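Have the sequence and the 3D view open as you read.

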Amino acid sequence: MLPLGEVDISSDFPNMYWKHGQRILKAARLVREHPNLSAIYLSSFGCGPDSFLTSFFRRMSGGKPFLQLEL
């Protein structure tokens with residue numbers, strides 16, 4: 001739902017090969033840069049790639065609070 005096409009995370013995460021992970025981190029950067037946006041992070045039990053992406057998301061969001069839901 002966000003315009004992620006022009007968001008570049010390659011300098012922060014040059015080895016993020018997982019496409020879904022790239023989209024998650026691009027969204028975090030976009031939310032960080034726009035004060036009128038907030039994030040809801042949906043996770044599947046916090047396992048697999050989500051187990052490390054959550055910490056990357058937190059770092060990329062620059063300390064901006066977000067809601068994390070594990071389903």
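## A pair in one helix

R29 and E33 bring their side chains together in a salt bridge, at 3.9 Å from N to O. To count as one, a side-chain nitrogen of Lys or Arg has to be within 4 Å of a carboxyl oxygen of Asp or Glu. The two residues sit 4 residues apart in helix α1, so about one helical turn separates them. Helices here are DSSP runs of H or I with at least four residues, strands are runs of E with at least two, and both are numbered from the N terminus.

This is a predicted model, so local features need pLDDT of at least 70 and side-chain atom pairs count only at pLDDT 80 or more, while totals for chains, interfaces and linings use all residues. Residues are numbered from 1 along each chain as its sequence is written, and side-chain values use heavy atoms, with hydrogens and water left out.

## The rest of the network

How many salt bridges does the rule give? The count is 3. R29 also meets D12, at 2.2 Å from N to O. That pair links distant parts of the chain, with R29 in helix α1 and D12 in the segment before α1, 17 residues apart.

E33 has another partner too: R32, at 4.0 Å from N to O. Through shared partners, D12, R29, R32 and E33 end up in one network.

Are these residues buried or exposed? Buried means under 20% relative accessible area, exposed means over 50%, and partly exposed is in between (1.4 Å probe, protein chains only). R29 is buried at 12%, D12 is partly exposed at 36%, E33 is partly exposed at 49%, and R32 is partly exposed at 34%.

## The largest pocket

On a 1 Å grid over the protein atoms alone, a pocket is an open set of points with protein on both sides within 12 Å along at least five of seven lines, and lining residues have an atom within 4 Å of a point. Grid points are joined across faces, edges and corners, and a volume is the space filled by probe spheres set on the points.

The largest pocket has a volume of about 460 Å³. It is lined by 17 residues, and the closest to its centre are L2, R23, I24, A27 and I40. Helix α1 gives the most to this lining, with 6 residues.

Terms used: 1 Å grid on protein atoms, 1.4 Å probe; cavity = no way out; pocket = protein on both sides within 12 Å on 5 of 7 lines; lining within 4 Å.
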